[in-house]
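Me: Can you walk me through how this protein is put together? I'd like to go over the domains and the charged pairs.

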Amino acid sequence: MRALTYQGPYRVQVEQKPDPRIEHPQDVVLKVTRAAICGSDLHLLHGLVPDTRVGCTFGHEFTGVVEEVGKEVAQLKKGDRVVVPFNISCGTCFYCQRGLTGNCENSNPGSDVASGVYGYSHTTGGFDGGQAEYVRVPFADVGPMKIPDDMDDESVLFLSDILPTGYQAAEMGEIKGGETVVVFGAGPVGLFAMKSAWLMGAGRVVAVDHVPYRLEFARKFANVETVNFKEVGDIVLHLKEMFEGRGPDVCIDAVGMEAEGSRAHRVLGLGLKLEAGAPTVIEWCINTVRKGGNVSIIGVYGPPWNFVPIGTAMNKGLTLRMNQANTRRYMPHLLEHIQKGRIDAKGIITHRFPLEQAPDAYHLFAQKRDGCVKCVLMPHGHA
Ligand code: NAD
Ligand code: ZN
Ligand code: ZN
């Protein structure tokens, strides 16, 4: 089959690989119909995720049709259309039983930090991803959700990751009604965090980014106010002033380890690797949010450490919450939001490419060219 693979920092290519097969009786093999490229894939592309091996197939946001079924799979049969959560989870361990499928302890047993994730290096189990013609899906009775017959794949594709992720970001901010919210990052995750904040009853939502077309997209798609941090002096003071000098109730980090805006963190984190990425936005969140407020970190950082102002957070009495998204538990609820027309998930797709052009798609998305918000790959054409 054809698959998009890692070739070293900044280099990906589409190459021939062996077809995946059933390796465990609970596996299925899917014929991939749609596979999206995520901001998290850019961390891989840029060589920032440890133990990303040459030849690894990327892709953790995909839909597909069941092609082959393992002997112990009860819920799926050949021909079923499914959307698959990005975290691989067993459904039965301590964490899965508590709904923390993003923290499953069986899908990547060598690690006490990360669960298994499709196409996300050997630090998350070394599973091949879905930016390919076919993909192997373990624990097939647990993760995949059947796509309703009257819905097309693209309408539900983002249930695999960014929609639940954005939703969880808002939920971790404890938005219940009337709160003021600042979302850093107007990428796909930030956009869905903004939408979710409104759904949960936020009173005011402000998006921060530095890419003008993304801010414009956020104004239209999520009906938010926007601030370009490159156009204001001190972003923290600017935001505080927008909220009566105190700051907002909630700050959400939907940027993660590749943040712009601090030369020091970019040198220390991305250049010298003395930090696990540039925690600029964590710092901005802690400094911007009002005393007693909530900081929700959904942007990805690698272990083990970053220089973040924890003393400030302590003295301000902040609540800090963060995690990988526990995707599976939000899927049914968010499917309903899509069906009822409350979230137009597919509305963020700006680009579609055949699998063979996946490297171009990566570079377009990474360099934020041509108004790109979200790229979707079609390994078997428009079908
Ligand atoms: P993206 O790269 O498309 O978007 C990030 C946005 O942040 C860009 O528009 C960029 O211009 C902006 N940005 C950069 N520096 C900034 C700063 N200092 N302040 C404000 N904005 C800034 O990525 P995405 O797909 O939206 O993903 C965002 C983050 O969420 C990534 O770190 C990704 O790995 C992470 N993520 C986490 C989970 C999870 O489960 N926790 C799941 C999916 C994605
Ligand atoms: Zn993702
Ligand atoms: Zn588990």
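**Domains and salt bridges**

Reply: The domain assignment (automatic or from a database) gives domain 1 (2-161 + 328-378) and domain 2 (162-322). It's a predicted model, where local features need pLDDT of at least 70, side-chain atom pairs count only at pLDDT 80 or more, and totals for chains, interfaces and linings use all residues. Residues are numbered from 1 along each chain as its sequence is written, chains are lettered from A and ligands numbered from 1 in the order written, and side-chain values use heavy atoms, leaving out hydrogens and water.

Me: How many salt bridges are there between domain 1 and domain 2?

Reply: The area buried between them (accessible area lost on being put together, 1.4 Å probe, summed over both) is about 2,400 Å², with 71% from carbon and sulfur atoms. A salt bridge needs a side-chain nitrogen of Lys or Arg within 4 Å of a carboxyl oxygen of Asp or Glu. Between domain 1 and domain 2, the count is zero.

Me: Which residue forms a salt bridge with Lys 77?

Reply: Lys 77 is exposed, at 53% relative accessible area (exposed is over 50%, buried under 20%, partly exposed in between; 1.4 Å probe, protein chains only). The closest N and O atoms are 3.0 Å apart, and the partner is Asp 80.

Me: Are Arg 34 and Glu 154 buried or exposed?

Reply: Their side chains meet in a salt bridge at 2.8 Å, N to O. Both residues are buried.

Note on methods: Buried area is the accessible area (1.4 Å probe) that two parts lose on being put together, summed over both.
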